[in-house]
Amino acid sequence: CQMCTNFTEVEFVAGDMPARWLCHINHDFHEVKLFLATQIMDEARHMDVFRKRALANGGGLLMASPGNEALLAAILQAPNYTTASALMHIFGEGFVLTLFRQGEFLAPTEVEKTIFRLCMQDEARHVAYGVKHLQYFVERRPEMTEEIHHILDLGEEAIFRLTLEPQTLEPRAILAGKGVENIQLGMTRLAFLYNKQIKEYLQRLKIAGIDRLPRMKIPAELPALPAF
């Protein structure tokens with residue numbers, strides 16, 4: 001329920017961001033407008049399924065996350081569409097995509113495995129679009145690269161705080177270890193997952209034409225986690 005609460009927060013904003021910018025895109029670029037409309041629908045389904053999963057067994061929606069709120073605020077307050085897209089499609093949704101791909105660690109039943117698998121298919125489309133959009137933009141507006149770096153600074157700092165928050169870390173560790181009694185195994189698996197998220201994040205930016213490694217604000221590996 002706690003993990004689904006976090007995902008519900010994220011999916012609301014993942015739909016709000018393209019909706020905010022859609023009316024500003026010229027109708028000559030109707031393919032982009034249509035694609036973003038499909039993304040809004042995707043995110044609406046994701047929000048709905050995670051919210052329903054949290055409510056399904058009576059646990060309900062639980063604690064909101066300050067780290068989540070900081071990251072999501074940065075996405076919504078980005079000064080232009082491209083910086084918002086870089087922060088959401090490549091960074092935020094990229095991290096979530098890696099998490100969904102490792103859903104076997106976190107899914108206690110076939111229901112959750114199906115949820116992760118279907119959401120992953122949608123997220124992969126969104127991330128691929130974000131990478132190609134940023135690549136196109138950087139090739140034509142290289143002077144804007146510093147602005148992209150600045151928004152990624154904010155996103156990295158927020159995601160690192162989010163990763164270490166108890167309401168994010170502990171439920172994922174319990175699920176990854178398949179129970180409270182195996183939480184240390186869960187922590188080990190989360191450290192592996194974090195490392196994979198960072199590598200895939202850097203690779204996506206490299207494809208888009210941005211070398212982020214020398215400027216990354218967070219460690220490439222998760223620090224030693226507390227023993228339980």
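At 42% relative accessibility, Arg101 counts as partly exposed, because exposed means over 50% relative accessible area, buried means under 20%, and partly exposed is in between (1.4 Å probe, protein chains only). The model is predicted, so local features need pLDDT of at least 70 and side-chain atom pairs count only at pLDDT 80 or more, while totals for chains, interfaces and linings use all residues. Residues are numbered from 1 along each chain as its sequence is written, and side-chain values use heavy atoms, with hydrogens and water left out.

Arg101 meets Glu200 in a salt bridge, 3.8 Å from N to O. The two residues link distant parts of the chain, 99 residues apart: Arg101 is in helix α4 (residues 81-101) and Glu200 is in helix α9 (residues 183-208). A salt bridge is a side-chain nitrogen of Lys or Arg within 4 Å of a carboxyl oxygen of Asp or Glu. Helices (H or I, at least four residues) and strands (E, at least two) are DSSP runs, numbered from the N terminus.

## Other salt bridges

Glu200 is buried, with a relative accessible area of 17%. Glu200 also forms a salt bridge with Arg204, where the closest N and O atoms are 3.3 Å apart. Both residues lie in helix α9, 4 residues apart, which is about one turn of the helix. Arg204 counts as buried, at 10% relative accessibility. Elsewhere, salt bridges that share partners join Glu146, Asp153, Glu156, Arg212 and Arg215 into one network.

The structure holds 16 salt bridges. One of them is formed by Asp122 and Arg45, with the closest N and O atoms 2.9 Å apart. This pair links distant parts of the chain, with Asp122 in helix α6 (residues 110-140) and Arg45 in helix α2 (residues 30-56), 77 residues apart. Asp122 counts as buried at 7% relative accessibility, whereas Arg45 counts as partly exposed at 40%.

## Nonpolar cores

A nonpolar core is a set of buried Ala, Val, Leu, Ile, Met, Phe, Trp, Tyr and Cys residues joined through side-chain atoms within 4.5 Å. In soluble globular proteins, nonpolar side chains tend to be buried together. The largest core has 43 residues, of which Phe91, Leu134 and Tyr201 touch the most other members. Helices α1, α3, α4, α6, α7 and α9 each supply at least two residues of this core, and α4 gives the most, with 9 residues.

Leaving out residues up to four places away in sequence, Tyr201 touches Ile90, Phe91, Phe95, Leu152, Glu156, Arg212 and Met216; contact here means heavy atoms within 4.5 Å.

## The cavity

On a 1 Å grid over the protein atoms alone, a cavity is a set of points where a 1.4 Å probe fits but cannot get out, and a pocket is an open set with protein on both sides within 12 Å along at least five of seven lines; lining residues have an atom within 4 Å of a point. Grid points are joined across faces, edges and corners, and a volume is the space filled by probe spheres set on the points.

The count comes to 1 cavity of 30 Å³ or more. The largest cavity has a volume of about 380 Å³. Its lining has 28 residues, of which Phe95, Ile159, Leu162, Arg172 and Gln197 lie nearest the centre. By class, the lining divides into 18 nonpolar, 6 polar and 4 charged residues. Ala, Val, Leu, Ile, Met, Phe, Trp, Tyr, Cys and Pro count as nonpolar, Asp, Glu, Lys and Arg as charged, and the others, Gly among them, as polar.

The largest pocket has a volume of about 390 Å³. It is lined by 15 residues, and the closest to its centre are Ile25, Phe29, Tyr81, Thr82 and His133. Helix α6 gives the most to this lining of the largest pocket, with 5 residues.

The second largest pocket holds about 260 Å³ of space. Of its 16 lining residues, Cys1, Met3, Cys4, Pro108 and Leu175 are the closest to the centre. The lining of the second largest pocket has 12 nonpolar, 2 polar and 2 charged residues.
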